[in-house]
Amino acid sequence: MRSIVVTGTDTGVGKTTVAAALARSLRSKGINVGVMKPFAASKERYSVKYRSEDTAILAKAAGVDDYDHEINPFFYSLPAAPFVAASITKEIPITIMGAVSSLEKLKTKHDFLIIEGIGGLMVPLTEKETFADFARVLNAPMIVVASCKIGILNHILLTLHVSRNYGLRVAGLVLNSFPCRPSVIDRQLVDAVRRFCDIESIFTIPRLRRERQSQLELDDKILDKILAF
Ligand SMILES: Nc1ncnc2c1ncn2[C@@H]1O[C@H](COP(=O)(O)OP(=O)(O)O)[C@@H](O)[C@H]1O
Ligand SMILES: [Mg+2]
C-alpha cells in the first residue's frame, strides 16, 4: 500500500486541484486510488452527499463511492482552523489517533491513498498538535503546493523548513497557477526555487480555466518521479 500527502503553503493555493489531478492520473493507469480529506471546514454544506466541496472534487476525480465520513471524518461548519472551529461550534474535536484510524480503514479499500491537508503545515488541529504532527505520524511522502504570487518564495522556504524540522519527506514541489505568459520575474522564480530548495522534483502547473482544472492530469514523467520517491 502506498500513500501520499498533498499539503501546501497556505489555503487556496491548489492542494485540491493537484490532489485531484494526481488521483485522475493514477486512476487512468488502472490503479485503485482512494482519497482522503481528513479535516475540512466550511461555512456551508456542499451537497447532500458531501459536506465539503474538496471531498466532492476528490471523490469524483478518484471515481470512488466511499461515504463522506470515510473520506472526511472531521468536518467543521466554520471556515477556520479545526481547533479554533471546534472550540466555537462544539463539534467533535480532532484526535490524531482518530484520524489515523479512519485512514487505516480507508487504506484497506484501495491500493493507493491520496491525503489532502488543510491549510498549511502549521494549522492547529488540536490544543497542542498541528497538521505537521499528523503528517509525521503518517510518515508518507508529501507534495507541497504553492501558488505563483508575490511572497511565494518565503512561503515555500518556511514550509520546507518546517518539513525538515518534523522529519517530513518532500517528494515534489508544485508551483501552481504559473502564468501562461511568464514575466522575467516568473522565469527567475523557477531558478530561485531550484537554487534554494533541495528537491529533485519541482514542476509548474499553468493557470487554467475551471473546466481544464477538472480534467487536469499530471505528466507521466512527473508522476513516475513522484511514485519512485
Ligand atoms: N492551476 C490553476 N489555475 C487557475 N486556478 C486554479 C488553479 N489551481 C487552483 N485554482 C483555483 O484556485 C482556487 C483554490 O484552489 P484549491 O485547489 O481549492 O486550493 P486549496 O485546496 O489549496 O484550498 C480554486 O478556486 C481553484 O479553482
Ligand atoms: Mg482544498
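The legends below describe close-up views of a predicted model.

Because the model is predicted, local features need pLDDT of at least 70 and side-chain atom pairs count only at pLDDT 80 or more, while totals for chains, interfaces and linings use all residues. Residues are numbered from 1 along each chain as its sequence is written, and chains are lettered from A and ligands numbered from 1 in the order in which they are written.

**View 1. Packing of helix α1 with helix α2.**
Helix α1 spans residues 15–28 and helix α2 spans residues 53–62; helices (H or I, at least four residues) and strands (E, at least two) are DSSP runs, numbered from the N terminus. The two helices pack at an angle of about 20 degrees, and their axes are 8 Å apart. Axes are lines fitted to C-alpha atoms, for helices over the stretch in contact, and angles run from 0 to 180 degrees between N-to-C directions. The helices α1 and α2 are therefore roughly parallel to each other; angles under 35 degrees count as roughly parallel, over 145 as roughly antiparallel, 65 to 115 as roughly perpendicular and the rest as oblique. The crossing of α1 past α2 is right-handed (a crossing is left-handed if the near helix is turned anticlockwise from the far one by less than a right angle, and right-handed if clockwise). On the α1 side the contact is made by Thr16, Ala19, Ala20, Ala23, Arg24 and Arg27, and on the α2 side by Asp54, Ile57, Leu58, Ala61 and Ala62. Two residues are in contact if their C-beta atoms, placed from the backbone, lie within 7 Å. Divided by class, the contact of α1 with α2 has 7 nonpolar, 1 polar and 3 charged residues. Ala, Val, Leu, Ile, Met, Phe, Trp, Tyr, Cys and Pro count as nonpolar, Asp, Glu, Lys and Arg as charged, and the others, Gly among them, as polar.

**View 2**
A residue is buried if 20 or more other C-beta atoms lie within 10 Å of its own, exposed if 12 or fewer, and partly exposed in between, with C-beta atoms placed from the backbone. The buried residues are Asp54, Thr55, Ile57, Leu58, Ala59, Ala61 and Ala62. They pack against α1, β2 (33–36), β3 (39–41), α3 (68–71) and β5 (112–116). Gly63 follows α2 and has a positive phi, near 70 degrees.

**View 3. The shell around ligand 1.**
Ligand 1 is surrounded by 14 residues, of which Gly14, Lys15, Thr16, Thr17 and Leu208 are the closest; a residue is near a molecule or strand if its C-beta atom, placed from the backbone, lies within 6 Å of it. Both α1 and β7 (170–178) supply at least two residues each to this shell. The largest share, 3 residues, comes from α1. By class, the shell has 3 nonpolar, 9 polar and 2 charged residues.

**View 4. Leu175 and Ile205.**
Leu175 is part of strand β7, and Ile205 belongs to strand β8 (residues 202–206). These two residues are 30 residues apart in sequence, and their C-alpha atoms are 6.3 Å apart in space. Leu175 counts as buried because it has 21 C-beta neighbours inside 10 Å; Ile205, with 22 such neighbours, also counts as buried. Leaving aside neighbours within four places in sequence, Leu175 is in contact with Ala146, Cys148, Val190, Val193 and Thr204. Not counting residues up to four places away in sequence, Ile205 touches Val18, Val174, Asn176 and Phe178.

**View 5. Packing of helix α7 with helix α8.**
Helices α7 (residues 152–166) and α8 (residues 184–196) pack at an angle of about 20 degrees, with axes 11 Å apart. That angle makes α7 roughly parallel to α8. The contact joins Ile152, Leu153, Ile156 and Leu157 of α7 to Leu189, Ala192, Val193 and Phe196 of α8. The residues of this contact comprise 8 nonpolar, no polar and no charged.

**View 6. Two residues with positive phi.**
Lys90, although not a glycine, has a positive phi of about 65 degrees. This residue is found in the loop between α4 (82–89) and α5. Lys90 is exposed, with 8 other C-beta atoms within 10 Å. Ser177, likewise a residue other than glycine, has a positive phi near 55 degrees. Ser177 is placed in strand β7 and counts as buried, with 20 C-beta neighbours inside 10 Å.
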